[in-house]
Amino acid sequence: MRENVLHMENITMQFGGVIAVNNLSIDVYEGEIVALIGPNGAGKTTAFNCITGVYEPTNGCVSFYGETIVSNHPQGKMKKLYTDQNSGLYPKVVSLTPDRITKRGIARTFQNIRLFKKLTVFENVLVAKHMRAKQNVFSATFRINYREERRMREETLALLEEQGLLKLKDELASSLPYGLQRRLEISRALATEPKLLMLDEPAAGMNPQETQELAEFIIQIKEKYDLTVLMIEHHMDLVMKISDRIYVLDFGKLIAHGTPAEVQKNQRVIDAYLGVAEDA
Ligand SMILES: Nc1ncnc2c1ncn2[C@@H]1O[C@H](COP(=O)(O)OP(=O)(O)O)[C@@H](O)[C@H]1O
Ligand SMILES: [Mg+2]
C-alpha cells in the first residue's frame, strides 16, 4: 500500500450563506497524479485554499503525511473527536500559516498567475528558495548565511537551466509570454522543494499544442523530483491522459471519484460537467 500523502476529511468551507465546499474528503497517495474537476464555482480552488492555509475551514481537517496541518471542529458540529493513526487525537483547531505549510512540503500554483512582476525570472525563483531556507535565519552565523545564499543562488540557476528558463533569467517576469509565466510559476513552486505539488488550472489559456507539452512536463517533473501531484484542470484531454484518479465536485460536494475511465462514463459526471465541459 502506498503512503498516504494528503488526507482531507469532512472539509466544509462556508462564506456567509454560500457553502463553497461541503463535507469534502479526499485522499492522495505517494506518486499519484490526482485531478480535482468540476464546473466553475464548484469549490475546487476553495478546497486548495483550505489545504494550503489560505482559509481556515469552517469544519474538518487535513493531514499531510499523517500530521495534522489544518483542523477545525466547532463545538456541536462534531459529536466525537477524531483519532489519527499516528498522532492520537486531533487537536480541535490547528491552522498552520501558508508559509509553514510550504515548509512542510506542499507547494502550489494559482489559477491567476501570481509572480513578482517587477522582479526578474531569477529573482522570482530565488525568493522561493529563501522561503524554504528561512527557518535557518536565526540560528545561522553571518558566514553560514553567506554560504547559504551562494548555495541558493547556484541551486536557482540549476533549476532554471533544468526548466529551460536560464536564458531568460534576467528578464522581468511580466515580460514573459503567458505559457512561460506558467512555467516560471511551477519552477518557483519547485524551488521550495515540495513533496506535494498542487496546480490550479495549469493549462488555462493554453492551446492544444501547449497543453500537450504541459502534460509531458508534469510527468517529467513528477518523476524527476519524486512528486505527488494534485491538480485542478478543465482540459479533459490532459486530465484523462495523466491522472491516476479523479475527484469530481459539483456545488461543493463530491459527486464521483475513480479512475479516468470510471469517471468518464459516470452519468452524474456527464450530466453535471462533462456534457457541458466546452462551456466551462
Ligand atoms: N473569499 C470568498 N468569499 C466569498 N465567496 C467565495 C470566496 N471564495 C470563493 N467563494 C465562492 O465559493 C464558490 C466556489 O468558488 P471556487 O472555489 O473559486 O470555485 P472553482 O475553483 O471550482 O471554480 C463560488 O460560489 C465562489 O463565489
Ligand atoms: Mg478555481
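**Briefing: turns, sheets and a ligand shell**

After helix H6 comes Asp 226, which has a positive phi near 55°. The model described here is predicted. Its protein chain holds nine helices and 13 strands. Of the chain's 280 residues, 36% count as buried. Among contacts between residues at least 6 apart in sequence, 66% join residues at least 24 apart.

- Helix H6 covers residues 208–224, which is 17 residues.
- From its first C-alpha to its last, H6 reaches 24 Å, close to the 24 Å expected at 1.5 Å a residue.
- Asp 226 lies in the loop between H6 and strand E11 (228–232).
- Asp 226 is not a glycine, yet its phi is positive, about 55°.
- Is Asp 226 buried or exposed? Asp 226 has 10 C-beta neighbours inside 10 Å, so it counts as exposed.

**Glu 193, another residue with positive phi**

- Glu 193 is not a glycine either, and its phi is positive at about 55°.
- The loop that holds Glu 193 runs between helix H5 (178–191) and strand E10 (196–200).
- Glu 193 counts as partly exposed because it has 16 C-beta neighbours inside 10 Å.

- Five of the five residues of E11 are buried, and the strand is mostly covered.
- Thr 228, Leu 230 and Ile 232 point one way from E11, while Val 229 and Met 231 point the other way; all are buried.
- Strands of a sheet pair through backbone hydrogen bonds, in either a parallel or an antiparallel arrangement.
- E11 runs parallel to strand E3 (residues 33–37), and four bridges join the two.
- Leu 36 has Ile 232 in E11 as its bridge partner.
- E10 and E11 also run parallel, joined by five bridges.
- Asp 200 stands opposite Ile 232 in E11.

**The open sheet of five strands**

- Which strands form the open sheet, and in what order? The order is E2-E1-E4-E5-E8, and the pairing is antiparallel.
- E2 and strand E8 (93–95) are the edge strands, each pairing on one side only.
- On average, neighbouring strands of this sheet are turned by 25° against each other, direction ignored.
- Strand E1 (residues 4–15) pairs with E2 over eight bridges in the antiparallel sense.
- Leu 6 stands opposite Val 28 in E2, and the bridge partner of Met 13 in E2 is Val 21.
- E1 and E2 form a hairpin with two residues between the strands, in which Gly 16 takes a positive phi near 55°.

- Which residues surround ligand 1? They are Phe 15, Val 18, Ala 20, Gly 38, Asn 40, Gly 41, Ala 42, Gly 43, Lys 44, Thr 45 and Thr 46.
- By class, this shell has four nonpolar, six polar and one charged residues.
- Strand E2 (18–29) and helix H1 (44–51) each supply at least two residues of the shell.
- H1 gives the most to the shell around ligand 1, with three residues.
- Why is H1 described as largely enclosed by the rest of the structure? Eight of the eight residues of H1 are buried, so the rest of the structure largely encloses the helix.
- The buried residues in H1 are Lys 44, Thr 45, Thr 46, Ala 47, Phe 48, Asn 49, Cys 50 and Ile 51.
- An α-helix has 3.6 residues a turn, so residues three or four places apart point the same way.
- Gly 53 follows H1, and its phi is positive, near 85°.

- Asp 99 sits in helix H2 (residues 98–104).
- Asp 99 is partly exposed because 13 other C-beta atoms lie within 10 Å.
- Asp 99 and Arg 132 are 33 residues apart in sequence, and their C-alpha atoms are 8.7 Å apart in space.

Key: Residues numbered from 1 in each chain as written. Chains lettered and ligands numbered in written order. Predicted model: local features only at pLDDT ≥ 70, side-chain atom pairs only at ≥ 80, totals over all residues. Near = placed C-beta within 6 Å. Nonpolar A, V, L, I, M, F, W, Y, C, P; charged D, E, K, R; others polar. Buried ≥ 20, exposed ≤ 12 C-beta atoms within 10 Å, placed from the backbone. Contact = placed C-beta atoms within 7 Å. Pairing = 2+ DSSP bridges. Expected span 1.5 Å × (residues − 1). Axes fitted to C-alpha atoms, helices over the stretch in contact; angles between N-to-C directions.
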